[in-house]
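Please look over the chain below before reading on. The paragraphs that follow go from the whole chain to single residues.

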Amino acid sequence: MNTETFRVDPVNPDPAIIAQAAELLREGRLVAFPTETVYGLGANALDPVAVRSIFTAKGRPSSNPVIVHVAESSQVGNVAAEWPETAAQLAARFWPGPLTIVVPKKAGVPDEVTAGGPTVAVRCPNHPVAHALILAAGVPIAAPSANRSTELSPTRAEHVLKGLNGRIDLVLDGGPCTGGIESTVVDATGPVVRLLRPGLITAHMLEEVVGRVETGANHEAVVRSPGQMAKHYSPKTPVVLAADADAEHKRLRDAGFRVISVGTDLIWEYRSISDNPQEYAADLYALLHDLDNGNYDRIVIEMPPNTSEWAAVRDRLTRAATDVIMNDSRPDA
Ligand code: TXA
Ligand code: MG
């Protein structure tokens, strides 16, 4: 298969280009498109054959359900059997935006989307290209992140092509994604909202809207939301997450490895990254994609602070890492 790339203006996408992409989606083809979090790999969510081809292209296990994207809250009724009060409150506050809400699915949503389960994950992205594309397609769009399964998510069109060139029909290149990490996923099917995947919408922000939110993986949540499985979001180069990145860097370097570090104010060879959690998230995957091309044996990443505003970044770093070294020899730690 030949993968085409169309450039689109991320703010005012050309309606003629969007119409072509929407036509492909209606024909059951796969189109990667930018959202405010990461690039998604889209297919018509109501076409089981099209959704199955997402799994083939990504090498994704069919047990991992995908998110359905809608252009407006009013389209939720096409895929959800119920829209609980907590879901309505969260959507009113955070949509369009990086929040995915799990609710009971409507009959007619293919098992391919929900991994055979009774619930569907719905999100209304805040990106002009995604919005225009879903509207033009006229159907809800199933879209996981546009990467090969377990690899790093893409925040630029070139990252999509690195993993999926020749495996999908089209990439809409709308430039870099501003959010940088995948949406927050919550389960709104129970009496208390449960956080399934941390993201830029923090537990604290959710609690301001719906009161107490359950956090922390329980076994059931892990099974129901395989994005919580440990092996995920990894570059090919092994990542070592370390409280004392310089000490770890030196240890590995002395052992003969080619090492690059990521952090702020390190001593050994490193790439600096913002100490603001939103800016850090926006740059993280692009930096890791870049370092993955750099012929290193190890990427050492300095562990960010253990505070709620860093929870989503720490979650992704922990999943990317093959080793987590928490011993900290710094005198002020
Ligand atoms: O920001 C994002 O969420 C991006 C963009 C493209 O929207 N999408 C994304 O999709 O990250 P994906 O497939 O890489 O991650 C979807 C996550 C997975 O952890 C999956 O297990 C969970 O959502 N999920 C999907 N449907 C679910 C359901 N019915 N119940 C629980 N978890 C579900
Ligand atoms: Mg993904």
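In the charge count used here, Lys and Arg are positive and Asp and Glu are negative, while His and the chain ends are left out. Each charge is placed at NZ of Lys, CZ of Arg, CG of Asp or CD of Glu. On that basis the chain carries 30 positive and 40 negative side chains, and the centres of the two sets are 5 Å apart.

This is a predicted model, in which local features need pLDDT of at least 70 and side-chain atom pairs count only at pLDDT 80 or more, whereas totals for chains, interfaces and linings use all residues. Residues are numbered from 1 along each chain as its sequence is written, chains are lettered from A and ligands numbered from 1 in the order in which they are written, and side-chain values use heavy atoms, with hydrogens and water left out.

The chain has eleven helices and 15 strands. Along its principal axes, the C-alpha trace spans about 60 × 45 × 35 Å.

How much of the chain is buried? The share is 55% of the 333 residues, where buried means under 20% relative accessible area, exposed over 50%, and partly exposed in between (1.4 Å probe, protein chains only). The chain exposes about 14,100 Å², and carbon and sulfur atoms supply 50% of that area. These areas come from the Shrake-Rupley method with a 1.4 Å probe, and for residues only the protein chains shown count as cover. A contact is a pair of heavy atoms within 4.5 Å. Among contacts between residues at least 6 apart in sequence, 69% join residues at least 24 apart.

A142, in strand 7, illustrates such pairing across the sequence. Leaving aside neighbours within four places in sequence, its contacts include L41, G42, A43, V66, I67 and V68.

Is N147 buried or exposed? With 7% relative accessibility, N147 counts as buried. Its side chain makes a polar contact with the side chain of S145 at 2.5 Å and reaches the backbone oxygen of E151 at 3.2 Å. A polar contact is a pair of N or O atoms within 3.5 Å; within protein, one must be able to donate a hydrogen and the other to accept it, and residues adjacent in sequence count only if both atoms are side-chain atoms. Beyond four places in sequence, N147 is in contact with K58, L152, S153, P154 and L164.

Most residues other than glycine have a negative phi, and most peptide bonds are trans. T150, in the loop between strand 7 and helix 6, has a positive phi of about 75 degrees although it is not a glycine. T150 is partly exposed, at 29% relative accessible area. A115 also has a positive phi, of about 55 degrees, and sits in the loop between helix 4 (111–114) and strand 6 (119–123). A115 is partly exposed at 31%. T114, in helix 4, is buried at 6% and is in contact with residues including P65, K105 and V120. A cis peptide bond, with omega about -10 degrees, joins W95 and P96; P96 is in the loop between helix 3 (85–94) and strand 5 (99–104).

Two helices remain. In helix 11 (residues 311–320), eight of the ten residues are buried, among them V313, R314, D315 and L317. Their cover includes strand 10 (194–197), strand 11 (239–242), helix 10 (277–292) and strand 14 (298–302). P15 is in helix 1 (residues 15–26) and counts as exposed, at 64% relative accessibility.

Conventions
Helices (H or I, at least four residues) and strands (E, at least two) are DSSP runs, numbered from the N terminus.
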